[in-house]
Amino acid sequence: RTAFLFSGQGSQRAGAGAGLYAVEPVFKAAVDEACRHLDPLLGRSLAEIMFAEPGSEPARLLDHTRYTQPALFALHLGLHRLLEHH
C-alpha cells in the first residue's frame, strides 16, 4: 500500500511547482482544476499568487492563511496526480 504525506503550512514558498507547471501537463491540469474551484472563493487568481516572483506583492500573500492553505492544496493535488500518473 502507498501513502502520501504532504507538508503543511510553513512549507509554502513563491514559485513552488512552477517548473513542473511549465513542463508536466498532468500536474498543470490538476493545479488548473483546483484553481478553477478556488479562484472564485478567493476573489483572485491562485496561480498568480503561487507562481509569483519571490518578494513581489502577490508572493507576499502566501504568508496569509487565506491563500497559503489553498495554494498548498493545489500544489499537493498536482503532485499527487503526477505521481499517480507515473
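## Length of helix α5

Helix α5 covers residues 65-85, and its end C-alpha atoms are 30 Å apart. Helices here are DSSP runs of H or I with at least four residues, numbered from the N terminus.

This is a predicted model, in which local features need pLDDT of at least 70, side-chain atom pairs count only at pLDDT 80 or more, and totals for chains, interfaces and linings use all residues. Residues are numbered from 1 along each chain as its sequence is written, and side-chain values use heavy atoms, with hydrogens and water left out.

## Buried residues and packing

The buried residues of α5 include Tyr67, Pro70, Leu72, Leu75 and Leu82. Buried means under 20% relative accessible area, exposed over 50%, and partly exposed in between, using a 1.4 Å probe and protein chains only. The buried residues of α5 pack against α1 (18-23), α2 (25-42) and α3 (46-50).

## His76 and His80

Both His76 and His80 lie in α5. An α-helix has 3.6 residues a turn, so residues three or four places apart point the same way.

His76 is buried, with a relative accessible area of 11%. Apart from neighbours within four places in sequence, His76 is in contact (heavy atoms within 4.5 Å) with Phe6 and Ser7.

His80 has 23% relative accessibility and therefore counts as partly exposed. Not counting residues up to four places away in sequence, His80 touches Phe4 and Phe6. Phe4 is 76 residues from His80 along the chain, yet their C-alpha atoms are separated by 7.8 Å.

Methods:
Helix = DSSP H or I, 4+ residues; strand = E, 2+ residues; numbered from the N terminus. Expected span 1.5 Å × (residues − 1).
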